[in-house]
Amino acid sequence: MFAHAGVHLSRAAAAGCIDHVRARAPSPTVEYKSGIIRRGKHREALKWMLGPAGPLLGHAHVLLIDKALFAAGRLAGLLAAGPELAGFLHREGPRTFGQERWNAFLAAFTGVLRGRNGRVPATDAGPAFDVLAALCLAAPPGRLRDVLGELRRTRTDVEALLHGDRPPALPSLDPLIPAIAGAVAHWGAGGVPVSIVHDRQTLLTDERIALLKALLGPSLAGLRLVDSRTDTRIQVADLLAGAARKIAEDELLGHGDPELTALLHPYVTPASIWAPTGAPLP
């Protein structure tokens with residue numbers, strides 16, 4: 001599960017939130033991290049932070065992405081298909097091949113579709129397509145085998161993408177990019193330009209930030225990277241993102257906490273790609 005949180009708080013309000021959380025869930029650490037508040041013994045502190053008595057309700061949002069479903073969506077995208085096919089692959093892949101084997105396939109293709117990230121060379125597509133060929137042979141006759149066969153025929157296009165003159169400046173498989181675009185859409189509803197202060201990320205190079213600005217136009221007024229230790233607003237966002245990721249993962253794995261899941265729901269944006277247990281997939 002991937003979680004990306006944004007908060008709209010003053011520095012003073014964010015500092016007050018950290019102080020209140022620290023008082024309810026003491027820790028000697030200098031920079032308060034989400035791992036602390038996620039501990040079972042600090043559950044009451046987490047409930048306070050997410051609940052109506054806390055400072056975040058109405059001033060924060062979370063984008064949740066089930067990474068396996070997100071990867072299935074990118075596979076569907078290779079076939080110019082949409083959410084319905086992604087949901088089909090996400091359901092039928094594990095059901096047919098077992099979760100471990102399907103995850104290994106997704107991991108192989110994830111490495112291929114990421115291409116180069118600016119630090120390592122492009123991944124050879126051959127092994128991933130070998131895994132895909134084996135799945136095609138193992139799949140029973142029907143729609144899943146047909147879809148996997150169609151995916152095998154995309155190899156030439158995938159290799160052309162990987163070995164072009166330069167890697168994609170905005171990696172299509174990294175959820176951080178759509179998360180930032182989603183944050184701009186959320187906070188900029190009504191046409192208000194949005195300025196973002198973001199934790200430092202190696203993915204957010206100057207080139208990619210410039211491309212984000214070009215893609216989002218005047219809706220993104222600015223994007224500045226800072227060290228989280230110097231800005232309590234980012235620390236609060238980290239607390240929320242870490243807590244949301246753990247709550248959502250527990251829910252997906254079938255041992256969620258109904259009270260915490262209910263407290264989280266008001267923060268989850270509609271753009272999230274999250275299918276809790278029992279919920280319909282897209």
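**Reading the labels**

Analyst: Leucine 85 has 7% relative accessibility, so this residue counts as buried; the cut-off for buried is under 20%. The model is a predicted one.

User: Where is leucine 85, and what does leucine 85 touch?

Analyst: Leucine 85 sits in helix H5. Beyond residues up to four places away in sequence, leucine 85 touches Ala76, Leu79, Arg143 and Val147. Contact here means heavy atoms within 4.5 Å. From leucine 85 to aspartate 206 there are 121 residues in sequence and 35 Å in space, C-alpha to C-alpha.

User: Which residues of H5 are buried?

Analyst: The buried residues of H5 are Leu85, Ala86, Gly87, Phe88, Leu89, His90, Glu92, Gly93, Pro94 and Phe97. Just after H5, glycine 98 has a positive phi of about 90°.

User: What about helix H4: how does its reach compare with the expected value?

Analyst: Helix H4 runs over residues 67-78, twelve in number. From first C-alpha to last, H4 reaches 17 Å, close to the 16 Å expected at 1.5 Å a residue. Its buried residues are Leu69, Phe70, Ala71, Ala72, Leu75 and Ala76.

User: What is found at the start of H4?

Analyst: There, a side-chain oxygen of aspartate 66 comes to within 3.1 Å of the backbone nitrogen of alanine 68. The cut-off for a polar contact is a pair of N or O atoms within 3.5 Å.

User: Why is alanine 80 called exposed?

Analyst: Exposed means over 50% relative accessible area. Alanine 80 has 75%, and is therefore exposed. Alanine 80 lies in the loop between H4 and H5, and its phi is near 55°, a positive value in a residue other than glycine.

User: What does leucine 79 touch?

Analyst: Leucine 79 is also in the loop between H4 and H5. Not counting residues up to four places away in sequence, leucine 79 touches Leu85, Val147, Glu150, Leu151 and Thr154. Its C-alpha atom is separated by 19 Å from that of glycine 126, 47 residues apart along the chain.

User: Is histidine 42 buried or exposed, and what makes it so?

Analyst: Histidine 42 has 6% relative accessibility, so the residue counts as buried. The place of histidine 42 is the loop between helix H2 (34-37) and helix H3 (43-50). Apart from residues up to four places away in sequence, histidine 42 touches Arg24, Ala25, Pro26, Ile36 and Ile37.

User: Why is threonine 269 called buried?

Analyst: Its relative accessible area is 10%, and so threonine 269 is buried; again the limit is under 20%. Threonine 269 lies in the segment after helix H13 (258-264). Leaving aside neighbours within four places in sequence, threonine 269 is in contact with His61, Val62, Leu63 and His186.

User: What lines the largest pocket?

Analyst: The largest pocket has a volume of about 790 Å³ and is lined by 33 residues. Nearest its centre lie His4, Ala5, Gly6, Val197 and His198. Strand E1 (2-7), helix H10 (176-187), strand E3 (194-199) and helix H12 (232-252) each supply at least two lining residues. By class, the lining has 19 nonpolar, seven polar and seven charged residues.

Note on methods: Residues are numbered from 1 along each chain as its sequence is written. This is a predicted model: local features need pLDDT of at least 70, side-chain atom pairs count only at pLDDT 80 or more; totals for chains, interfaces and linings use all residues. Side-chain values use heavy atoms; hydrogens and water are left out. On a 1 Å grid over the protein atoms alone, a cavity is a set of points where a 1.4 Å probe fits but cannot get out, and a pocket is an open set with protein on both sides within 12 Å along at least five of seven lines; lining residues have an atom within 4 Å of a point. Grid points are joined across faces, edges and corners, and a volume is the space filled by probe spheres set on the points. Helices (H or I, at least four residues) and strands (E, at least two) are DSSP runs, numbered from the N terminus. Ala, Val, Leu, Ile, Met, Phe, Trp, Tyr, Cys and Pro count as nonpolar, Asp, Glu, Lys and Arg as charged, and the others, Gly among them, as polar. The expected span of a helix is 1.5 Å times one less than its number of residues. Buried means under 20% relative accessible area, exposed over 50%, partly exposed in between (1.4 Å probe, protein chains only). A polar contact is a pair of N or O atoms within 3.5 Å; within protein, one must be able to donate a hydrogen and the other to accept it, and residues adjacent in sequence count only if both atoms are side-chain atoms.
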